Amino acid sequence: MAVRAQGFRSRRPARAGPADARRIIQLLGGLQIDAVNVLIRSHYLPLFSRLGPYSTEALDRLVYRQHAAFEYWAHAASIVAIELYPALRWRMAHFATGPDWAAFLARVERQRPGYAEAVYAEVAARGPLTFSELSDPARRAKGNPRYTAATTLWDRGSDGKSVLESFYDKGMLAVADRQGFNRRFDLTERVIPAEVLSAPALPEPDGQRQLVRHAGAALGIATVADLADYFRLPVAATRARVRELVAAGEFVATRPEGWPETGYLVRSAQSVRAVEASALLSPFDSLVWDRRRTQRVFGFRHSFELYVPAAKRRFGYYVLPYLLGDRIVARVDLKADRSGGALLVLGAFLEEGQDAGSVAGPLAAELRTLAGWLALDDVMVAGHGSLAPAVAAELALQSHSV
């Protein structure tokens with residue numbers, strides 16, 4: 001149920017196109033963005049996991065040219081389905097009155113009177129702009145001891161960048177596109193489609209209810225905490241929205257075997273067919289981004305060791321769980337060696353209770369598909385991990401058969 005709700009099917013499209021990508025974005029609600037680029041930017045991977053090889057340029061066009069999605073805070077920094085824009089307007093209003101931004105802007109006004117207004121006016125006249133393209137980015141040393149904890153919360157080394165982000169959080173600016181990985185901000189009315197922007201902003205309870213409803217459909221079955229985490233909603237508010245959805249007959253309460261808490265599912269998702277997926281998952285994929293839920297549903301302890309010192313890592317720097325059928329059966333530490341034209345398998349680890357002979361073949365095939373999508377000519381296995389020898393042998397076998 002959880003796997004199918006997240007858009008995985010037993011068979012991928014023969015040739016995934018923009019309509020497929022838009023369908024997955026609408027289904028998931030959001031694709032989490034992260035700066036790490038050791039393989040590919042994380043927001044591109046969930047579509048590959050569900051659709052197979054597709055054009056990343058098509059995704060960029062959907063977001064930044066056709067505006068079928070927009071950048072904002074969902075689970076985290078995310079590409080969000082445009083249909084959810086009215087449901088997030090209350091979050092923008094919260095940022096507009098938040099104490100942290102108020103303290104930051106008060107400090108900027110004291111030190112640089114009129115600076116914030118000048119930044120907004122410059123975007124209006126010249127946008128879209130990155131912070132470095134501002135006439136005066138107001139760069140400064142980080143961690144200035146004169147500032148309090150509240151103001152150093154937004155200490156990014158550039159007051160201009162923080163001012164842009166303040167207007168973005170409040171919904172006054174939006175991300176028009178990206179220059180490399182740097183966001184280019186423009187006036188919201190020049191980015192968000194007029195028919196979306198002119199739609200009434202949903203009051204906070206209604207917006208939250210729509211987000212909880214969407215999270216329920218995307219998760220298949222979920223606790224209140226799961227539903228709250230999906231769009232980072234307050235737990236108490238989520239519990240209230242769940243009660244309303246149960247009373248309206250949209251959610252059904254149940255107690256999955258082994259779960260310590262009640263689970264909720266949308267009524268239409270009570271009966272689903274089995275899924276025979278084969279997919280490598282971004283560490284930021286919405287199927288696994290909630291580690292407590294991932295362990296409860298799959299019995300899989302998601303260990304993300306990017307920020308762990310190298311000597312203390314058990315699995316590796318950028319490890320992707322591997323979904324086979326409806327189980328997470330292995331994990332692989334991957335790196336794209338673009339100069340060498342190879343996908344490097346720095347480690348491959350079989351989950352307890354799984355059979356290497358059943359996992360290695362489909363995993364090797366998926367690694368080859370991933371390498372081809374990344375325009376890499378080869379897959380090279382380093383030999384670290386319990387599954388690595390079997391994967392290397394399967395890759396060699398498949399290469400020979402081709």
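Mentor: We start with a term: a residue is called buried under 20% relative accessible area, exposed over 50%, and partly exposed in between. Keep in mind that this is a predicted model.

Trainee: Is E250 buried, exposed or partly exposed?

Mentor: Buried means under 20% and exposed means over 50%. E250 has a relative accessible area of 30%, so the class is partly exposed.

Trainee: With which residue does E250 form a salt bridge?

Mentor: The closest N and O atoms of the pair are 2.7 Å apart. A salt bridge needs a side-chain nitrogen of Lys or Arg within 4 Å of a carboxyl oxygen of Asp or Glu. The partner of E250 is R213.

Trainee: How many residues apart in sequence are the parts that E250 and R213 tie together?

Mentor: R213 belongs to helix α11, and E250 sits in the loop between α13 and β6 (251-254). R213 is partly exposed, with a relative accessible area of 30%. The pair therefore ties together parts whose separation in sequence, in residues, is 37.

Trainee: How are the axes of α11 and α13 oriented to each other?

Mentor: The axes of helix α11 (residues 204-219) and helix α13 (residues 235-247) come within 9 Å and cross at roughly 75 degrees. Angles of 65 to 115 degrees count as roughly perpendicular. The orientation of α11 to α13 is therefore roughly perpendicular.

Trainee: Which class has five residues in the contact of α11 with α13?

Mentor: On the α11 side the contact involves P205, Q208, R209, V212 and R213, and on the α13 side A237, T238, R241, V242, E244 and L245. Two residues of this contact are polar and four are charged. The class with five residues is nonpolar.

Trainee: Which residues are linked with D206 in a network of salt bridges?

Mentor: R209 in α11 and R241 and E244 in α13 are part of the contact of these two helices. The network links D206 with R209, R241 and E244.

Trainee: How many salt bridges does a search of the whole structure find?

Mentor: One of them joins D186 and R190, at 2.7 Å from N to O. D186 counts as buried at 6% relative accessibility, while R190 is partly exposed at 40%. For the whole structure, the search gives 21.

Trainee: How far apart in sequence are the parts tied together by R112 and D136?

Mentor: R112 and D136 form a salt bridge, with their closest N and O atoms 2.8 Å apart. R112 lies in the loop between α6 (99-111) and α7 (115-126), and D136 in the loop between α7 and α8 (149-152). R112 counts as partly exposed at 31% relative accessibility, and D136 is partly exposed at 35%.

Trainee: Is F304 buried or exposed?

Mentor: F304 lies in the loop between α14 (291-298) and β9 (319-325). Leaving out residues up to four places away in sequence, F304 touches P283, F284, R291, Y317 and Y318. Its relative accessibility is 13%, so F304 counts as buried.

Trainee: What distance separates the C-alpha atoms of F95 and F167?

Mentor: F95 is found in helix α5 (residues 89-96), and is partly exposed with a relative accessible area of 23%. Among the residues that F95 touches are Y72, W73 and W101. F95 and F167 are 72 residues apart along the chain, and their C-alpha atoms are separated by 9.2 Å.

Trainee: Where is R232, which has a positive phi although it is not a glycine?

Mentor: The phi of R232 is about 55 degrees. R232 is partly exposed, with a relative accessible area of 45%. Its place is the loop between α12 (224-230) and α13.

Technical notes:
Residues are numbered from 1 along each chain as its sequence is written. This is a predicted model: local features need pLDDT of at least 70, side-chain atom pairs count only at pLDDT 80 or more; totals for chains, interfaces and linings use all residues. Side-chain values use heavy atoms; hydrogens and water are left out. Helices (H or I, at least four residues) and strands (E, at least two) are DSSP runs, numbered from the N terminus. Buried means under 20% relative accessible area, exposed over 50%, partly exposed in between (1.4 Å probe, protein chains only). Contact means heavy atoms within 4.5 Å. Axes are lines fitted to C-alpha atoms, for helices over the stretch in contact, and angles run from 0 to 180 degrees between N-to-C directions. Angles under 35 degrees count as roughly parallel, over 145 as roughly antiparallel, 65 to 115 as roughly perpendicular and the rest as oblique. Ala, Val, Leu, Ile, Met, Phe, Trp, Tyr, Cys and Pro count as nonpolar, Asp, Glu, Lys and Arg as charged, and the others, Gly among them, as polar.
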